[in-house]
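Welcome, and thanks for taking a look. Here is a short briefing on contacts, charges and rings, arranged by topic.

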Amino acid sequence: MTPKRAPTDQPGPRVRSTPYARRLARERGIPLSALAGTGPNGRVTGKDVTDFVPAAATAAAATVHAPMPAALAASVSLAAIRDLLPQFDDVVPAIELVDVCLKATAAALRSAPDLATVIVLDSRRLAGLDRLTLGAIAALRQESDSADEVADGGDLVVTWIDRAGIRPVAMPMPEGAAVRLVIAASADSDRAECLFSYDPRRIGDSEAADFLLAFKAAMEIPLRLIA
Amino acid sequence: MPDQARAGRRKSRAPKADFDRDELLALYEKMVLLRRFETLAQGACRKGETPGFFHLYIGEEATAVGVCANLRASDWITSTHRGHGHALAKGMDPKILMAELYGKAEGCCGGRGGTMHLYDRSVGLFGTNGIVAAGIGHAVGAGISARTQGRDDIGVAFFGDGAINHGGFHEATNFAGVQKAPVVLVCENNLYATATPLASATLNPEIATKAAAYGIPGIAVDGNDVLEVLTVTREAVARARRGDGPTLIEAKTYRTVGHHEGDPVVGTYRTQEEVDLWLQRDPITLFRRRLTDEFGIDAEGDLDPIDTRIEAVAQEALEFARNATDPDPATVGQHVYAEPLNPADALRPAQAGATVEQSWLDAVRDGLAEEMRRDPNILYFGEGTGERGGTFAHTKNLYQEFGAARMVDTPISEQGFTGAALGASATGSRTVADLMFADFMFEAAGQIVLQGAKLRYMSNGQMNAPMVVRVGMGAVRSAGPHHSGAYYPMWAHVPGLIVCVPSNPADAKGLMKTALRAGDPVMMLEPKALFATKGEVPVGEHLVPFGVARIARPGRDLTIATAGQLVGPALQAATTLAAQGIEVEVIDLRTIMPLDVATVAASVGRTHRLLVVDEAWAMCGVGAELAQAMNEIAYDDLDAPVARLHTDAMSHPLAPSLERAMLVDTDKILAAARGLIDGKAPVPSHWRYAAVDGAPAAQAAPAPAVQAAAPPPPAPPPAEASASNGAAQSVAGEPITMPFGDLTISEGKIVRWAKGDGDTVEPGELVAEIETDKSVVEIEAPAAGRLTIEQQTGTVVPMGGRIGVVSPG
């Protein structure tokens, strides 16, 4: 049996280091070989790890890596939507729960125009949803083309998880996006569990909270969406 | 050699009328039991059924049976390596004895003790013993213990002729005599100590006459004549119960088997003719003949049925042992220490309350007195600790309150009175054995390590030795090679011992009080350099638990773990380093065993660096132990090697310059701490191994840059005395100083000037009196001339401090 290598235990010349330094490096995912040891005999010490700044990171980190997003969660009742949808049985193509969600997202964005202007679903940029009927949204969504479009800073990325009983708690921000709404629900579930992630450098917490509450209100009183 | 056999042929001293028939038959039955039991044990040993090896009692039955016939279950006997007979004679169930010989769970000690370590509290068997003469002191202590508790029970020590040239015998016998202890000392003289003939081991082989050396009665008896043994012991036992003191009985007897099972019967040291002669005087054969010939007892009708019944009893014991169960290996760790180790009182959370400033000695004295009031059976044995109040004045006034019977002044015989302290402690009178200096503990080391520490385990938890061994410990002002040592890692090495090294008066008192309520032997090592120090001590009940370290100063950069008198220098070093931006956490371990590795590891989790500063030597010491503990439980927290700083590995020299060089001081701590901040541990040299990479040849730590002209006093001189020294020294003449005196005194108070300022004085004339913790010191004029008083009455003066001057003319 081959013993598992620790992440920092890499082949090559042995790096002298203290047990504490090894622990810190392991916890931070920094290879020991990247560290310059300032202890006796070039030993890497704990301070060498805590003082370590990745060379590439200094300039590029800000643009290449998004910061840790902030996130707010909400649990949305689907009772009213489940009453509403059967009344559109004859619409073709069929209106689904996700279409209502897209419409509610677009409606909520209306009151927060600084947040985003375009909604992205499945790598497709969907503009102007707030002016479309539910049927039109369903038709647009179900168009066969699946362009692989890259989000930009003005996009809200919607992720649809077609499962009941899941509560999303941490979802990374897609590259380039500023806000993300993750909705976990299925056609027969009572509630949708939603996570709204945003770049805290660009969007204030109260602004984000207002958007999420507007979305929740639209979902729970869906008649407003067709008013 | 056959002389003794022939001597025993004279007419018995035991008159016929003294015995009734039932008593005689009971004696016969017991002797037959001893013989049959040993014969079956011999067979089992030869078949390889029993672990270990046996020393059989065959041939000596009359002695154990004759002595024990006079005893109660509440009397304690101590025995020897040849002790199965004593155990049975005192009443142990043959079944649990045989099971113990087989190492079985059903044995009297659950298989933990075995043949030479048999204990049975229910019948008063305080151990057979693998160490020659070790049990004698226990019997003396057990007797004193009974007397203390107001009972007339006694202690009886069995020992062989091999013991009578051993200090354990001389010390315990002398102590028993001087204490008039309720004890009977029974020497079973079987002529050979293993294979060494008595006559070649002493020029006075008449053992009973040795009693004269101790001023107690000594009497020799035919040890093969049960009635003679019984009669002589009866008087000795009555004398002991009356409070008239101990008696030495020499029972002349013979083992008709080899020294141990497997050893040839004759061997190289005796002849078959001699063995045959003694076989003719077999105690059971002799007694059986007397019973039929003199007492009209019927061999067939009375004695044969006893033989038959005892045969069944012995066989039943053998079967019981064979069918008994092996002890569960999962229990191997039980009965090392009391469970829980700390008395409940010590674990109550301390109440934050009022404190009072007290000196070390006063605080501990208070603790002792409180506990002695609480438990009227506590005794205190020590050299000069009674009426004299102790070498360090450390028992001052206790004699006045508790009297000579409890504050016992002992001869200088550490082995003897420590053995007695153990015996008393195990039988209800917890005893402090004050050995004065830590160096002297080795005089009692056998009692501490082989007896006290193991008693709970050997006896399977039936017995324990909650004694306190109290000593002044450590270096102070050139006390020299025999009065300066610490040595506590040696005691901490021994499972079963608790080792305390307090650093301040409150802890010293609290640990002493806990020790006097705990269940195990406690080594209380008080740094004598701190005896003159003062500290805040909680008012009222104050106990400090064992195994709980104290964070003396918090810090984030480096942990120093230390104890005793080095806590002070460690704190000083921490203060210096703090000024340089290095925050040191100082941990006062308080007890070395149990060792609070958790507190040290938690601290290392914060500071990532550990320096152990310890007064004992390094080899296999506290530094080594804590370093390895951190390897085991805090490895990922170490950002530097664990460093250690110990007293250099050599005897304590007298010369102050040499002593300073070998002791740990603040400068050495500072150097080691700074090095460790840079990731470097000092490399010591105590291994005497030249090839250590990077190790300097001999120097463990840099020598202090500047050496003071005089050794620093243990406590800073009081301000009022030192402040005026500058002015005082302007007067020319012969200075009058507070003389250096006792090791542990650092200051004194001027209670009186016998002469006035400006008076003319003659050399040697009394000029002042200074009171120290121990005595009033008279100060004489050092020269003729005019006296100038520089320190007024009531001033506290450090030792060596100037109080006046005599100017010529």
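Which backbone nitrogen does the side chain of Asn504(B) reach? The side chain of Asn504(B) comes to 2.8 Å from the backbone nitrogen of Asp507(B). Please keep in mind that this is a predicted model.

**Around Asn504(B)**

- You will find Asn504(B) in the loop of chain B that runs between β13 (498-500) and α19 (505-515).
- Asn504(B) counts as buried because its relative accessibility is 16%, and the cut-off for that class is under 20%.
- Leaving out residues up to four places away in sequence, Asn504(B) touches Trp360(B), Arg550(B) and Asp588(B).

**Aromatic rings**

- Over all chains, the structure holds 15 aromatic pairs.
- Phe159(B) and Phe169(B) make a tilted pair, since their planes stand at 45° with the ring centres 5.3 Å apart.
- Trp360(B) and Phe531(B) are both buried.

**Salt bridges within chain B**

- The count over all chains is 58 salt bridges.
- Glu23(B) and Arg234(B) form a salt bridge whose closest N and O atoms are 3.1 Å apart. Glu23(B) sits in helix α2 (residues 21-46) and Arg234(B) in helix α9 (residues 226-242), 211 residues apart.
- Glu23(B) is partly exposed at 26% relative accessibility, and Arg234(B) is partly exposed at 32%.
- Lys513(B) and Glu541(B) also form a salt bridge, with closest N and O atoms 3.1 Å apart. Lys513(B) lies in helix α19 and Glu541(B) in the loop between β15 and β16 (550-553), so the pair ties together parts 28 residues apart in sequence.
- Lys513(B) is buried at 0% relative accessibility, whereas Glu541(B) is exposed at 51%.
- Lys513(B) and Glu541(B) belong to a network of salt bridges whose members include Asp345(B), Arg348(B), Glu370(B) and Arg517(B).

**Where chain B meets chain A**

- In this interface, 11 residues of chain B are in contact with 12 residues of chain A.
- The two chains bury about 810 Å² between them, with 47% of it on carbon and sulfur atoms. In chain B, Tyr635(B), Asp636(B) and Asp639(B) lose the most area to chain A, together 55% of what that side buries.
- There are 2 salt bridges between chain B and chain A. The side of chain B that touches chain A has 4 nonpolar, 2 polar and 5 charged residues.
- Arg23(A) and Asp637(B) meet through their side chains in a salt bridge at 2.4 Å, N to O.
- Asp636(B) forms a salt bridge with Arg26(A), with closest N and O atoms 3.5 Å apart. Asp636(B) is in the loop between α22 (622-633) and β21 (643-646) of chain B and Arg26(A) is in helix α1 (residues 19-28) of chain A, so the pair joins two chains.
- Asp636(B) is partly exposed at 30% relative accessible area, and Arg26(A) is partly exposed at 35%.

Technical notes
Residues numbered from 1 in each chain as written. Chains lettered and ligands numbered in written order. Predicted model: local features only at pLDDT ≥ 70, side-chain atom pairs only at ≥ 80, totals over all residues. Heavy atoms only, no water. Contact = heavy atoms within 4.5 Å. Buried area = accessible area lost by both parts, 1.4 Å probe. Salt bridge = Lys/Arg side-chain N within 4 Å of Asp/Glu carboxyl O. Nonpolar A, V, L, I, M, F, W, Y, C, P; charged D, E, K, R; others polar. Phe/Tyr/Trp six-rings, centres within 6.5 Å; stacked < 30°, edge-to-face > 60°. Buried < 20%, exposed > 50% of the residue type's maximum accessible area, 1.4 Å probe, protein only. Helix = DSSP H or I, 4+ residues; strand = E, 2+ residues; numbered from the N terminus. Polar contact = N/O pair within 3.5 Å; in protein donor to acceptor, adjacent residues only side chain to side chain.
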